[in-house]
Amino acid sequence: MHNLNRKIANLVAFGVVKSVRATGAIVTISEIDTPELPWATTVNKNQSIWSPPPVGTQVIVIAPNGDLNSAVIVGQLPSKDNPLPNGGDHENIVAFGDGTIIKYDLSSKQFTGDFAGDARLKFPQGLEIIGDLSVSGKVTAETVKADTIIGSSDVSGGGISLRNHTHSTKMGPTSPPS
């Protein structure tokens, strides 16, 4: 009877992640450490997400037939140490441990990202931006191809100002363009 009670108790259990490796996580459930368990995630031909449960995270473990050797981590629960990001019922938010937050607001249709470090986007087939673009800070480009470049104060290339450049002639320097 004791074995049956243990199996029933193990069917669905709450535990805390003790250690994590790329192959699985060990979970402590009622002072008992599980074998290394896989965690459930999104993985299919259209999308896969790699997001191992961090050490200390409270998780839900399901064990078919109550056997922890065949158990799987099926979910992670928020806690004081791992709180949910603040958001409304119309927002989808991904928050990372370093403070990076990516948010999409379904009501305002606004996508925002607040990155703790550098960000790099790679579009091998190109990127098209439709709408106004505002940039605060430096812009660096390897090659710029444009029919027209308009600057409200000046445009420069190779350190030469279009508005203030002069040419050297035998008669002396020319005046800047007017």
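This is a predicted model: local features need pLDDT of at least 70, side-chain atom pairs count only at pLDDT 80 or more; totals for chains, interfaces and linings use all residues.
View 1. Strand β6 covers residues 91-95 and strand β7 covers residues 101-105; the two pair in the antiparallel sense over five bridges. Strands here are DSSP runs (E, at least two residues), numbered from the N terminus, and two of them count as paired if DSSP finds at least two bridges between them. Together β6 and β7 make a hairpin with five residues between them. Look in the turn for Gly99, which has a positive phi of about 100°.

**View 2. An open sheet of five strands.** The strand order is β3-β2-β1-β4-β5, and the pairing is antiparallel. β3 and β5 (72-77) are the edge strands, each pairing on one side only. Strands of a sheet pair through backbone hydrogen bonds, either parallel or antiparallel. Ile29 has Ile32 in β3 as its bridge partner.

**View 3. The aromatic pair, Trp39 with Trp50.** This is the one aromatic pair that the structure holds. Which arrangement do the two rings of Trp39 and Trp50 have? Their centres are 5.4 Å apart and their planes at 55°, so the pair is tilted. (Rings of Phe, Tyr and Trp, the last by its six-membered ring, pair if their centres lie within 6.5 Å; planes under 30 degrees apart count as stacked, over 60 as edge-to-face and the rest as tilted.) Trp39 and Trp50 are 11 residues apart, each in the loop between β3 (32-33) and β4 (58-62). Is Trp39 buried or exposed? Trp39 is buried, with a relative accessible area of 12%, whereas Trp50 is exposed at 59%. (Buried means under 20% relative accessible area, exposed over 50% and partly exposed in between, with a 1.4 Å probe and protein chains only.)

**View 4. Thr169 and its surroundings.** Thr169 belongs to strand β11 (residues 168-169) and is partly exposed, its relative accessible area being 41%. A polar atom of the Thr169 side chain lies 2.5 Å from the backbone oxygen of Gly172. If you zoom out to Ser107, Thr169 is 62 residues away in sequence and 62 Å away in space, C-alpha to C-alpha.

**Notes to all views.** Residues are numbered from 1 along each chain as its sequence is written, and side-chain values use heavy atoms, with hydrogens and water left out. Local features need pLDDT of at least 70 and side-chain atom pairs count only at pLDDT 80 or more, while totals for chains, interfaces and linings use all residues.

Technical notes
Helices (H or I, at least four residues) and strands (E, at least two) are DSSP runs, numbered from the N terminus. A polar contact is a pair of N or O atoms within 3.5 Å; within protein, one must be able to donate a hydrogen and the other to accept it, and residues adjacent in sequence count only if both atoms are side-chain atoms.
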